Amino acid sequence: MHTITEPPVALRDITYAFGEGELRRPVLRQVALEVAPGEIVLLTGPSGSGKTTLLTLIGALRAMQEGSARVLGHELAGASETARVALRQRIGFIFQNHNLLGFLTARQNVAMALEMQGGLTERERLQRADALLDSVGLAEHTEKLPAHLSGGQRQRVAVARALAADPGLVLADEPTAALDKQSGQEVVHLLRDLAKKRGAPILLVTHDPRILDIADRIISMEDGRIVPAGG
Ligand SMILES: Nc1ncnc2c1ncn2[C@@H]1O[C@H](COP(=O)(O)OP(=O)(O)OP(=O)(O)O)[C@@H](O)[C@H]1O
């Protein structure tokens, strides 16, 4: 007997539009995509081609319109808000502007991501946060507020936070856009190594040609469609 493992991300015929009636503007057209366990997929393409919209659909951050999206074993078409919230807790998100809370230390920002998990005492959460910050090279900076860290360091905190809850999938939107070349490369290499270790696939939207080498696969989008490889 074979066990057929479902890919962590499987999209079929995803079509999505903003606006209604005459103002309706399609931004995704029949997108199909599969991401394998542990795979690192980069999504590139011109501004406005629909990359972020696709990422937010996969991340259950917006409701589907047409097509099918199976993410970590759950169908998102027709999924309730409750189901989407539950799925979001199994996904690690990293954004361009890191989205750290300015009044919390690096350690508190990471520990907060563990609160949803339940089952851990505060002491355990803080210990786990310290271990994660250590793994991204920030052992010396756990007590600092985001404002006292460099851009690269803040983005490392965001990586630690995204991986804190042992996500089944990591979604990143332009995580290096605000960073210089070296910090950007450090952050994505770190992200890649940590995700590979945990077997979590990464889907990363980027315009940054300096980080293309981390990809297992690069996908281009144009005008709401995935451009066929080699085309
Ligand atoms: N909330 C919204 N309401 C209306 N139109 C939107 C909304 N969000 C995005 N759009 C439009 O949808 C299209 C696709 O946007 P999207 O952000 O997905 O593209 P992108 O490829 O990620 O672009 P960029 O690289 O600039 O981030 C754009 O034309 C954008 O203006």
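Predicted model: local features only at pLDDT ≥ 70, side-chain atom pairs only at ≥ 80, totals over all residues.

Residues are numbered from 1 along each chain as its sequence is written.

**Entry: the ligand**

Which residues are around the ligand? I found F18, V27, G45, S47, G48, S49, G50, K51, T52 and T53. Sorted by class, this shell has 2 nonpolar, 7 polar and 1 charged residues. (Ala, Val, Leu, Ile, Met, Phe, Trp, Tyr, Cys and Pro count as nonpolar, Asp, Glu, Lys and Arg as charged, and the others, Gly among them, as polar.) Helix α1, residues 51-58, gives the most to the shell, with 3 residues. Helices (H or I, at least four residues) and strands (E, at least two) are DSSP runs, numbered from the N terminus.

**Entry: the sheet**

Next I traced the strands; two of them pair if DSSP finds at least two bridges between them. I got an open sheet of 4 strands in the order β2-β1-β4-β5, with antiparallel pairing. Its edge strands are β2 (25-35) and β5, and each pairs on one side only.

Then I went across it pair by pair. β1 and β2 are joined by 7 bridges, and A10 has E34 in β2 as its bridge partner. Between β1 (residues 9-18) and β4 (residues 66-71) I noted 5 bridges, with L11 partnered by A69 in β4. β4 and β5 (residues 74-75) share 2 bridges, and V71 stands opposite H74 in β5. These two strands make a hairpin with 2 residues between them, and L72 in the turn has a positive phi of about 50°.

**Entry: two helices**

How do α5 and α6 run relative to each other? The axes of α5 (residues 151-164) and α6 (residues 181-198) come within 9 Å and cross at roughly 15°. Axes here are lines fitted to C-alpha atoms, for helices over the stretch in contact, and angles run from 0 to 180 degrees between N-to-C directions. Angles under 35 degrees count as roughly parallel, over 145 as roughly antiparallel, 65 to 115 as roughly perpendicular and the rest as oblique. So I wrote down α5 and α6 as roughly parallel to each other.

Terms used. Near = placed C-beta within 6 Å.
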